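Q: Please take a close look at the side-chain contacts and the strand pairing of this structure. I am new to it and would value one connected account.

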Amino acid sequence: MNTMPLEADTRNLIDTALTNLGWKLNGKDKNVFFEQPKTEAERKSLGGKRPDYVLYSNESDRPLIVIEAKKKGTRLDAAMEQGISYARAINAPLVFATDGVFCKAYHTEANRVPILNGEEIDEFIRETLALRYLTTYEVNTVSPKVQYDRKELIRIFDEANNMLRGEGLRAGIERFGEFANILFLKLISESEQIKRESGIKTLFDATACSWDSIKNIPFTTRIDYINKTVYEKLRACLNFPV
């Protein structure tokens, strides 16, 4: 906990974020406790120390999250260390340190940043998700394929962005057009694949136009291939302008 009162604007940001995620700050279903834990036993375990926030499961007195807050613009390292010591004292698996804008997370049992869908957590989470971190530091809410596709798409966007900058397409709207083309091709490729797997006849050229084919083309020639080859084939087989 901060030695000075938590700034109102920081607390308001945290309270709003928690409320939007379904945490209860007031009322009979309250599961967010400010500047003190819920039970006398936890208060004794903390030896008079007072975490900024302690979040609980609605179904038990088990603490799930300790949040330590600093005023905006303050480094979060000290707040995180403080939060970890509080969380271990009351057996809470998750710690968040925040200035109301930036957020860091830590899993006290795994001694590392918790992972959600292959990415490090950097924002508050819902109670239902927090419960899943009682037994693990890594949780997946989407399939591995979706995670892979997302990372792959980000990589290709990044390659395209760097290449287009090199070719002089510095205006955001110009690069956005090329990014939209890439996303369109991925979506239409997946749509046509579903048709084929369902036995629906399609004129789509899977060899030249499929996402699997396009993504394996060297990024230095990928945009040119899309614009000069893929779109011509799509115009012919789908009979609409692209």
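A: A salt bridge is a side-chain nitrogen of Lys or Arg within 4 Å of a carboxyl oxygen of Asp or Glu. The model is predicted: local features need pLDDT of at least 70 and side-chain atom pairs count only at pLDDT 80 or more, while totals for chains, interfaces and linings use all residues. Residues are numbered from 1 along each chain as its sequence is written, and side-chain values use heavy atoms, with hydrogens and water left out.

The structure contains eight salt bridges. One of these links arginine 11 to aspartate 15, with the closest N and O atoms 3.5 Å apart. Both residues belong to helix α1 (residues 8-20), and because they are four residues apart, about one helical turn separates them. Helices (H or I, at least four residues) and strands (E, at least two) are DSSP runs, numbered from the N terminus. Arginine 11 is partly exposed, at a relative accessible area of 31%, whereas aspartate 15, at 17%, is buried.

A further salt bridge joins aspartate 29 to lysine 28, where the closest N and O atoms are 3.6 Å apart. Here aspartate 29 has 40% relative accessibility and is therefore partly exposed, while lysine 28 reaches 80% and is therefore exposed.

Helix α2 (residues 40-46) holds both glutamate 40 and arginine 43, which are three residues apart, about one turn of the helix. The side chains of glutamate 40 and arginine 43 form a salt bridge at 3.2 Å, N to O. Glutamate 40 is partly exposed at 44% relative accessibility, and arginine 43 is likewise partly exposed, with a relative accessible area of 30%.

The account now turns to the strands. Strand β4 (residues 94-98) is largely enclosed by the rest of the structure, because five of its five residues are buried. From β4, Leu94, Phe96 and Thr98 point one way, and Val95 and Ala97 point the other way; all of them are buried.

Strands have neighbours as well (two strands pair if DSSP finds at least two bridges between them). Strand β3 (residues 63-69) runs parallel to β4, and five bridges join them. Within this pairing, valine 66 has valine 95 of β4 as its bridge partner. Strand β4 also pairs with strand β5 (residues 103-107), here in the antiparallel sense, again over five bridges. Phenylalanine 96 has alanine 105 of β5 as its bridge partner. Strands β4 and β5 form a hairpin with four residues between them, and in the turn glycine 100 has a positive phi of about 95°.

Strand β6 (residues 115-116) pairs with β8 in the parallel sense over two bridges. The bridge partner of isoleucine 115 in β8 is glutamate 138.

Conventions
Buried < 20%, exposed > 50% of the residue type's maximum accessible area, 1.4 Å probe, protein only.
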